[in-house]
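Please open the structure in your viewer and keep the selection tool at hand. The stops below say what to select and what is to be found there.

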Amino acid sequence: MKFFKQHITIMAALLGILFSACNKEDQEVAKAMQVIINGYNGSGHAWQVAIDTTVYDASSMHGKFIINPGAPINFNAVYTSPLSQQATLTLTDTSTQTVLFRKPLPASGTKALFNFIYFDGKELEITQPAADPATNKLGFYIRYTASDAPFDIFLYRKDATTGMEYRVYITKNAKPNTWIYADYIPTTDFDSKSDLDGAAICFTKAGTTDQWAFGDSEDFSKVLTFGMNFPLAGEKGIVLPYFLMPGPGKLDVSRLYFHADRPW
């Protein structure tokens with residue numbers, strides 16, 4: 001009887017170890033990945049996101065993930081899948097059922113970043129220079145069809161206490177509908193988070209500071225730097241591309257990057 005009890009005890013212990021190992025195995029075979037999609041839907045139809053059999057449609061979060069027409073893309077979701085599976089992301093036109101974009105998620109890592117800009121029935125090629133450890137690169141593509149007149153881009157802020165105005169140019173004589181990249185090192189007037197939180201990026205007709213570039217409208221020609229992640233004092237080697245287009249009552253922006261460690 002004693003032997004039998006010892007045998008039962010050993011078997012129970014082994015089963016416990018096996019069960020624990022199986023649970024550990026189950027935990028290890030699943031992976032979670034943050035999926036970010038940036039860009040612009042310039043079509044006339046809404047788009048649906050799918051990752052393999054997981055569909056983010058109108059029933060998901062009350063349509064939160066549906067990409068609306070004529071709007072920036074700011075998709076951000078966590079996707080969980082088996083460790084051995086390399087899932088594929090698709091963007092589908094909900095009206096025509098045409099798949100407009102298809103790419104696999106990375107085979108490893110915890111983040112998947114996709115950029116997709118679409119208008120005039122085709123995808124816009126996104127050019128991005130290599131990082132330069134000696135400076136930062138700010139990139140702008142301004143989608144504007146009413147005029148091809150050149151414009152200037154500058155940072156502007158006004159001190160609420162002293163009334164002093166500060167302005168620093170990012171680039172001059174830029175053109176719409178093309179990629180613009182400028183080297184950028186923050187000056188002392190725009191090198192802290194508090195300075196940038198109260199500043200704006202202004203687009204004015206070339207050679208002016210008060211003639212707005214797009215639609216002669218301040219709303220369409222200015223965007224706050226809050227949330228734009230501009231470099232701070234001492235930061236170099238950062239590349240930040242943006243897609244901008246006048247939207248309903250304002251200048252729409254899509255940030256074509258994702259830096260989880262730079263939330264400002």
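## The whole chain

The protein contains two helices and 16 strands, and the model is a predicted one. Begin with everything displayed: of the 264 residues, 42% count as buried. Next, consider the contacts between residues at least 6 apart in sequence; 67% of them join residues at least 24 apart.

## The largest nonpolar core

Select F140, F203 and F230. Within the largest nonpolar core, which has 32 residues, these three touch the most other members. To see where the core draws its residues from, colour β9 (136-142), β10, β11 (165-174), β12 (179-184), β13 (200-205), β15 (239-246) and β16, the elements that each give two or more residues. The largest share, four residues, is that of β11.

Now centre the view on F140. Which residues does F140 touch, not counting those up to four places away in sequence? They are I153, I170, T178, W179, I180, F203, F230, Y242 and L244. There is also a second, separate core of 22 residues, and L89, L105, A112 and F116 are included in it.

## Y156 on strand β10

Move to Y156, located in strand β10 (residues 151-158). Show the side chain of E165 as well: a polar contact of 2.4 Å joins it to the side chain of Y156. Apart from neighbours within four places in sequence, the contacts of Y156 are with E165, Y166, R167, F190, A199, A200 and C202. For a distance across the chain, pick the C-alpha atoms of Y156 and T209; they are 10.0 Å apart, while the two residues are separated by 53 residues along the chain.

Select D195 in helix α2 (residues 193-197). Beyond the residues up to four places away in sequence, D195 touches R157, T188, D189 and F190.

Proceed to T225, in the loop between β14 (222-224) and β15. T225 has a relative accessible area of 3% and is therefore buried. Display backbone atoms here, as two backbone oxygens are to be found beside the side chain of T225. The backbone oxygen of L196 is 2.3 Å from a polar atom of that side chain, and the side chain of T225 also reaches the backbone oxygen of A199, at 3.1 Å. Leaving out residues up to four places away in sequence, T225 touches L155, L196, D197, A199, A200 and I201.

## I126 between β8 and β9

The next selection is I126, placed in the loop between β8 (122-123) and β9. With a relative accessible area of 24%, I126 is partly exposed. Its contacts, neighbours within four places in sequence set aside, are N115, F116, I117, W179 and L256.

## The largest pocket

Select N38, N229, R255, Y257 and F258, which lie nearest the centre of the largest pocket among its 15 lining residues. The elements giving two or more residues to this lining are β1 (30-41), β4 (71-82) and β16 (251-255). With three residues, β4 supplies the largest share. The space in the pocket amounts to about 270 Å³.

## The largest cavity

How many cavities of 30 Å³ or more does the structure hold? There are two, and the volume of the largest is about 50 Å³. To display its lining, select K31, A32, M33, Y79, S81, Q85, Q86, A87, L105 and P106. Two or more of these residues come from each of β1 and β4; the largest share, three residues, belongs to β1. Six of the lining residues are nonpolar, three are polar and one is charged.

Technical notes:
Residues are numbered from 1 along each chain as its sequence is written. This is a predicted model: local features need pLDDT of at least 70, side-chain atom pairs count only at pLDDT 80 or more; totals for chains, interfaces and linings use all residues. Side-chain values use heavy atoms; hydrogens and water are left out. On a 1 Å grid over the protein atoms alone, a cavity is a set of points where a 1.4 Å probe fits but cannot get out, and a pocket is an open set with protein on both sides within 12 Å along at least five of seven lines; lining residues have an atom within 4 Å of a point. Grid points are joined across faces, edges and corners, and a volume is the space filled by probe spheres set on the points. Contact means heavy atoms within 4.5 Å. A polar contact is a pair of N or O atoms within 3.5 Å; within protein, one must be able to donate a hydrogen and the other to accept it, and residues adjacent in sequence count only if both atoms are side-chain atoms. Ala, Val, Leu, Ile, Met, Phe, Trp, Tyr, Cys and Pro count as nonpolar, Asp, Glu, Lys and Arg as charged, and the others, Gly among them, as polar. A nonpolar core is a set of buried Ala, Val, Leu, Ile, Met, Phe, Trp, Tyr and Cys residues joined through side-chain atoms within 4.5 Å. Buried means under 20% relative accessible area, exposed over 50%, partly exposed in between (1.4 Å probe, protein chains only).
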